[in-house]
Each structure stands twice: as C-alpha cells, then as structure tokens.
Amino acid sequence: MTLLDERIWSLFKRHWRQTLTYWSVFFSFGLCIAFLGPTVLDLRCQTQSTLQQITWVFFFQQFFLLVGSSLGGLFKKTLQSSLSALFSCTLIISLVFAIIPLCNHVILLSVAMAIAGLAMGVIDTIANLQLVKLFQKDSALFLQALHFFIGLGALVSPLVAYPFLANDSCVLGANWTANSSSPSDLQHLRESLAGHGAAIRNISQYPLHTEGEVITRVSYAFWIMALINLPVPAVVLSLIYHERLLPCSSTSPRLLNGDSLSSTSPSGDSGQGHGSLFGCCNPAKLRDRPATFFLLHILGGAILFVTDGIIGSYAGFVYTYAVSPPVLMGHKTAGCLNSVFWASITVGRLAFIYLSYRFKAPRLLTFSLVGVILVQCLVLIFYTSCVFLFISTCLLGLCISSVFPSMLAFTEDILDYKGCATTVLVTSAGTGEMILQLLVGSVIQSQGSYSFLVCCTIASSIGFCLFLLLLCVQHSHRNCSTDLTQSTDMKKKPQTGGS
C-alpha cells in the first residue's frame, strides 16, 4: 500500500512548481513571525527605549498583519498579480531583516515591523487562497504541508537569534554594576515577552538602562535571517519566469485555467467569489445567497478566531503560568515550554499531512477539537504538576495544529469554492490571535495565573460548540443547494421541450 495514491501524486507533479513556491513563502512567513519575542530586549537596547515602548512594536506588527490579510485577496485575479505580490512581500521581509539593525529609534523600528506585518498578511492570504484554488477538493493535504512550513520557519528563527542575544545588560549606564539586571532576570523577561508582547507585572523591579553605551550583537542574527530568506523571493521569481509572466511578456493568463484545476465546482466558477475582505461585502455578489451561506462564513471564522486565539494565548502566557504559584517552575525550564509547544504544532502538521489523505476534514476537526478540550480539562485537574504541564503542552500542540488548514479546506468545500471563506477565515484567525491574547492577559492580571487555564478551557469548549453548529448549518446548506438546483432544472425543462 502506497502512502499516496497515483492521483494525488500526479496532481503534485503537475503543480509542483507552484506548490513548492507557496510552501517556501510560508517558511518566510514563519521566519518573520517568530523572531521578535526572543530579540525584543536586545532591540530595546538598540533603540534605547523603555520596555513599555518596545512592546508597542508587537502591536504594530500584529495590526498590520491583519490589514495585509484583509487586503491580500486584491492580488488574486491573475497569476501574474499573485506572484508579483508574493515576490514583493518576501523581498520586503528580507529587506526588513537587513534594515532592523539600522533602526536606532523605536518609531523607526515600529515602521519597519508594520511594513513586515503588512507583507506577512498578504502572504498569508494569497498562499492559502492559491493552494485552495489550485487543488480544491484535494487541498486539505497540501494546506497541512503549507502550515507545516510556518512552524519550520518559526523554529529556525529563534535558533538563529539565540547565539547573538545579550546575557547581561546591553546598555551600560554609569552605575550599571550596582543596578543592572542579572542574566536570569533578562531571560525571565525575554521568555515572558515571547508571546507577542504579553503584559508583564511589576516590570519596574528589573532595572533596564536606556542611556549609555549599547553593547549588542543581535544585528548579526538579523543579517543571517535576511540571507536565509533571500532564496524565497528567488524561488518566486523563477516561477514568474517559468510562467512567462515577466513585464516583457505580452500576456498574463488567469490563475484558474481549465487545465490547472484538480477538480471543478459544479458551477464552473470556482474562483469568482474570492477577493479582499472588503470586496466580499459587494452587494452584487451577495444577492440571492441563502442565509446558510453567510452563517458558514461566520461560524468558520468564529472557530478559527477561538482556536488561533488559544494558540496565541497559550504561547504567550504558558511561561508566565509556569513560573507563578502554584507551579513555580524554574525560569530556564519554563522557557522550554514555548519551544515544546511550537515544535509540537510543527510535528502535528507534518503528521496531519498523511492523516488528511486518509480521513475527511470533519473527522479530523472533531478529533482535534475534542482532544484540545480533554487536554485542557486534564491540565485543570493536574494544575500543580510540572511534568504534566510539559506533557499537556505537547499534546495540545499536536491536537490544535491541524485545525486551521482542515477548517479552511472544509469550509471552502462546503461553499463549492464560491465564497470568501479563505479571506474571512485568515482574517478572523489573525484577529482572534491578537484579541484573545489581550483578553486572557487582562484576566491573568486581575484574577491570577490559574485563570489562564480556565480561559483556555472555556475557549476550547466554545470552539467545539461552534463546530457542532457548523455541521448542522452545513447539512441545511446542502439541502438548500439541492433544492435550488432542482428548481433551476425544472424551469429549464419547459424551455427545452418548446425548442
């Protein structure tokens, strides 16, 4: 028995250039999304800013990532516009990596991160959208692989950065010998900030100088990451050249040609509904749509709002929970939890590449969402165990890893690839990752670290309930679409008989 049947393998061989290109740009996406947390204290030294000021950089990156996700669909109309946008965005990421060491003020750094966030958002939407268009009903397997490359990039980025991070204070003030933070304090701050600028209590207890001689080698890390990322725009450019879409070419073929699809939708207009988030609100496109059409978009977006919010919250606050009572884990040991979580997500997506071929998306989603709830409930029970916290972190990463690609493929399949599911789901996921993290952080500040587990458990339960509701709406939507098709056929029969 072969791992993949001949049909899937032949599909990959037909579209291997496009597929590898989209996978590579998601590696670039992962590389960019994971570097800020580990390097934020060194960037604070470089810009000679306070900790409160530097954490705004996280906000600018995340906010403009959402803007880019919302606007990414604007570039989907032709293969030329899609690949040109991907080439520009991946090149921008390399340029941002290269110029970050030159940003000596927090405002300049915020602008650079806003540009990088915008590029990341466009990449996120276009790569997901084009893979769904390219493989349609077979897209689940390829989407799992696509999101595996995010995890791969997110693992590489901290590994490159860590050798160049400062062990002691990287701004030497006049009285630094007496008041500077110890290496353990700096490591504690670094791990606490790893989750996209998660709030830290009592930061005033860590003296961090803003004036004095700057001693940091983090510039080398960014230049190395810029070089690592450079092959990605080169790969996109080679695909543009192969498709004869360079400016000197006289024609620009549309992305969805008749022979480029793995399967076609019943209506034959599989790509027409997609666009930017604002283009999806065009009344002309929404006319005569059944209520279930809108509910599927809303529920799919809400599920990913919750699950990606759980990922962001867990990555942002598991360290804070681990070093607080009643767990009181050591700083260095607790610092491994975030790496274990992201490594588990990466391994999970790798495993789900094959599982997506063997099982349908609804079954995988049921397994994943139930698994997330069970893991969270077990953590609530064994909340004082350091060993079980590591085990549950690993299991949570494995279970939740496949939710986004499976939900995206499932929702697009229900809608026959005629809605705006990809744009809506990508934007909803990014919004949830930012907003839920802020909400959970606020609850932790007021109610204590145990509330972190309660919030994640409640969120996972809400996500599963929304999924059950999605399955009910899916059944109604199928019936509605069948009735509409039969009604259309009945109207055509008299016309055919009269002719």
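A nonpolar core is a set of buried Ala, Val, Leu, Ile, Met, Phe, Trp, Tyr and Cys residues joined through side-chain atoms within 4.5 Å. Buried denotes under 20% relative accessible area, exposed over 50%, and partly exposed the range in between (1.4 Å probe, protein chains only). The model is predicted: local features need pLDDT of at least 70, side-chain atom pairs count only at pLDDT 80 or more, and totals for chains, interfaces and linings use all residues. Residues are numbered from 1 along each chain as its sequence is written, and side-chain values use heavy atoms, with hydrogens and water left out.

**Overall composition**
- The protein has 20 helices and two strands, taken as DSSP runs numbered from the N terminus (helices: H or I, at least four residues; strands: E, at least two).
- Of its 499 residues, 54% are buried.
- The accessible surface is about 21,200 Å², and carbon and sulfur atoms hold 66% of that area (Shrake-Rupley method, 1.4 Å probe; for residues, only the protein chains shown count as cover).
- Among contacts (heavy atoms within 4.5 Å) with a separation of 6 or more, 85% join residues 24 or more positions apart.

**Nonpolar core**
- The largest core holds 128 residues, of which Phe35, Phe97, Phe452 and Phe467 touch the most other members.
- Helix 14 (residues 291-323) supplies the largest share of this core, with 16 residues.
- Beyond neighbours within four places in sequence, Phe97 is in contact with Leu31, Cys32, Phe35, Phe222, Trp223, Met225 and Ala226.

- Helix 2 (residues 16-33) has 18 residues and reaches 26 Å from first to last C-alpha, close to the expected 26 Å; the expected span is 1.5 Å times one less than the number of residues.
- Because 15 of its 18 residues are buried, helix 2 is largely enclosed by the rest of the structure.
- Helix 8 (residues 139-161) has end C-alpha atoms 34 Å apart, which agrees with the 33 Å that its 23 residues should span.
- Helix 8 is mostly covered, with 18 of its 23 residues buried.
- The axes of helix 2 and helix 8 come within 7 Å and cross at roughly 35° (lines fitted to C-alpha atoms, for helices over the stretch in contact; angles run from 0 to 180 degrees between N-to-C directions).
- Residues making this contact include Trp23 and Phe27 of helix 2 and Phe149 and Gly153 of helix 8.

**Gly463**
- Gly463 lies in helix 20 (residues 450-498) and counts as buried at 1% relative accessibility.
- Gly463 and Gly300 are 163 residues apart in sequence and 9.9 Å apart in space, C-alpha to C-alpha.
- Leaving aside neighbours within four places in sequence, Gly463 is in contact with Ile303, Val306 and Leu369.
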